[in-house]
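Subject: Handover of a structure and notes on what was found

Dear colleague,

Please find the sequence and structure below. My notes on them follow.

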Amino acid sequence: MFGLDAAILMNPKVWEASGHTAGFSDPLVECKKCHKRFRADKISPTPKSDFGVPEVRLRGGDGNEAVRQCPECGGELTEEKQFNMMFKTFIGAVEGTASQIYLRPETAQGIFVNFKNVVDSMHPKLPFGIAQIGKSFRNEITPGDFLFRVREFEQMEIEYFIKPPKNDEDWQTVFEHWRSEIHGWLESIGITAGSLSDFEVPKDDLAHYSKRTIDIFYKYPFGDDEVVGLAYRGDFDLKNHKIDYYDEEPKERFVPHAIEPSFGVDRALLAAFCEAYTEDEMSGGKRVFMKFKPEIAPIKAAVFPLLKNKPELVAKAREVYEMIKKEIQPVVFDDNGNIGKRYRRQDEIGTPYCVTVDFDTLEDNTVTLRDRDTGEQERVKIEELASRLKI
Ligand code: ATP
């Protein structure tokens, strides 16, 4: 697997070859009454607000035409028109159609157009992958649901290149391998298998480049929706960019096929947030905490002196903090407020462990180690701390 950091602004011919200029669009409708705009395929069957119109919003017009109603005010909607989601800008000092370029709507095309660079410099043998993490931009008609649909987001995409398959089994095996890798990764960041489901995109709905696509859905609070996509793109992209590969072994030239796991970092993060959010009872009150797996917790441990105004405790706590910091990162030091409040603050951040230095520490070199999930506290020798906290 080779890492890549391609350009955000690329020659517009890239997007012509990939099919984005002609086809990367969503159906747009506008309300004739309130003039709000919506993505036609995302209008839910039940109105969001109660504006006193019947619930069925698709009614037969004259002939076979369906007339939809605005989900906000019940007004009549315009006909669908295709809205290209690529952000446009201009390159150089002259603004005009000749200098118009796009902000990339996906990282994948940067991988395809750099395929030859990777092959020429690294001489990889098939199968191999090229992976890229980076910002993508889409002029979404209706952004929303917090991080789920934003106009500027982070993608992690892999193009895994294989020899042209001789039969369906050849690519299906690789496809299944990546399907299980995707699930494995999502589970590694704390998303339980029960919150995920695989949606096989029906043949008629497949994107222009795809021979098979599975969307991996997460059970978000607002409904099941895509967190990762997996597509078999065949030789569509390399062929359109007129790029091929020379295989030394049978001494032949051909266009490799690509299997593409496409992760949305923001959507994965939102899923990890939803999964970690936990409410329970502690010390007779409600507690809210983030039950992150230690691997993804933003802070791995917090160190507290029991009292702020006892220099000997503060000095010892600092010493412990400096020691842990060498082993795991990030670790925080906090001496602000009573100890219970400090625990709760770390619970909300999702810090798996808190370490408290008290008067006993000065006598016997032990500290209190408190577990985020259970609230349980135990005495641990300072020299054992690092191995206890290691992830
Ligand atoms: P949707 O149907 O929800 O618009 P999509 O099928 O167009 O998504 P892809 O083109 O397959 O999405 O993009 C790959 C991944 O990039 C998605 O699985 C998702 O995680 C992420 N992604 C796409 N659009 C957005 C967005 N507007 N905001 C955040 N993440 C996004």
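Lys-88 has Tyr-102, in strand E9, as its bridge partner. Please bear in mind that this is a predicted model.

The strands E8 and E9, the latter covering residues 100-103, run antiparallel and are joined by three bridges. Along this pairing, Phe-90 stands opposite Gln-100 of E9. On E9 there is also a pairing with E2, again in the antiparallel sense, made through two bridges. Here Leu-9 has Leu-103 of E9 as its bridge partner.

Taken together, these strands form an open sheet of three strands in the order E2-E9-E8, with antiparallel pairing. Strand E2 (9-10) and strand E8 (88-90) stand at the edges with a single partner strand each, so one side of each has no neighbour in the sheet.

**The ligand and its surroundings**

Where in the protein does the ligand lie, in terms of pockets? The space that the ligand takes is the largest pocket. The ligand is surrounded by 15 residues, and the closest of them are Glu-140, Arg-149, Val-150, Glu-226 and Val-227. Sorted by class, this shell holds six charged, five nonpolar and four polar residues.

Several strands contribute to the shell. At least two of its residues come from each of strand E11 (152-162), strand E14 (223-234) and strand E17 (257-264). The largest share, four residues, is supplied by E14.

The side chain of Arg-138 has an N or O atom 3.0 Å from an oxygen atom of the ligand. For the side chain of Arg-267, the corresponding distance to a ligand oxygen is 3.2 Å. The ligand taken alone exposes 590 Å², of which the protein buries 85%.

**Backbone features in the loops**

Most peptide bonds are trans, and most residues other than glycine have a negative phi.

- The peptide bond from Leu-126 to Pro-127 is cis, with omega near -5 degrees. Pro-127 belongs to the loop that lies between helix H4 (115-122) and strand E10 (128-137).
- A cis peptide bond also leads from Gln-329 to Pro-330, where omega is near -10 degrees. Pro-330 is found in the loop between helix H8 (311-325) and strand E21 (331-333).
- His-35, a residue other than glycine, has a positive phi, near 65 degrees. The loop that holds His-35 lies between strand E3 (25-30) and strand E4 (37-39).

**In brief**

With kind regards

How values were computed. Residues numbered from 1 in each chain as written. Predicted model: local features only at pLDDT ≥ 70, side-chain atom pairs only at ≥ 80, totals over all residues. Heavy atoms only, no water. Near = heavy atom within 4 Å. Polar contact = N/O pair within 3.5 Å; in protein donor to acceptor, adjacent residues only side chain to side chain. Areas by Shrake-Rupley, 256 points an atom, 1.4 Å probe, with all protein chains shown as cover. 1 Å grid on protein atoms, 1.4 Å probe; cavity = no way out; pocket = protein on both sides within 12 Å on 5 of 7 lines; lining within 4 Å. Sits in = over half its atoms within 2 Å of the grid points. Nonpolar A, V, L, I, M, F, W, Y, C, P; charged D, E, K, R; others polar. Pairing = 2+ DSSP bridges.
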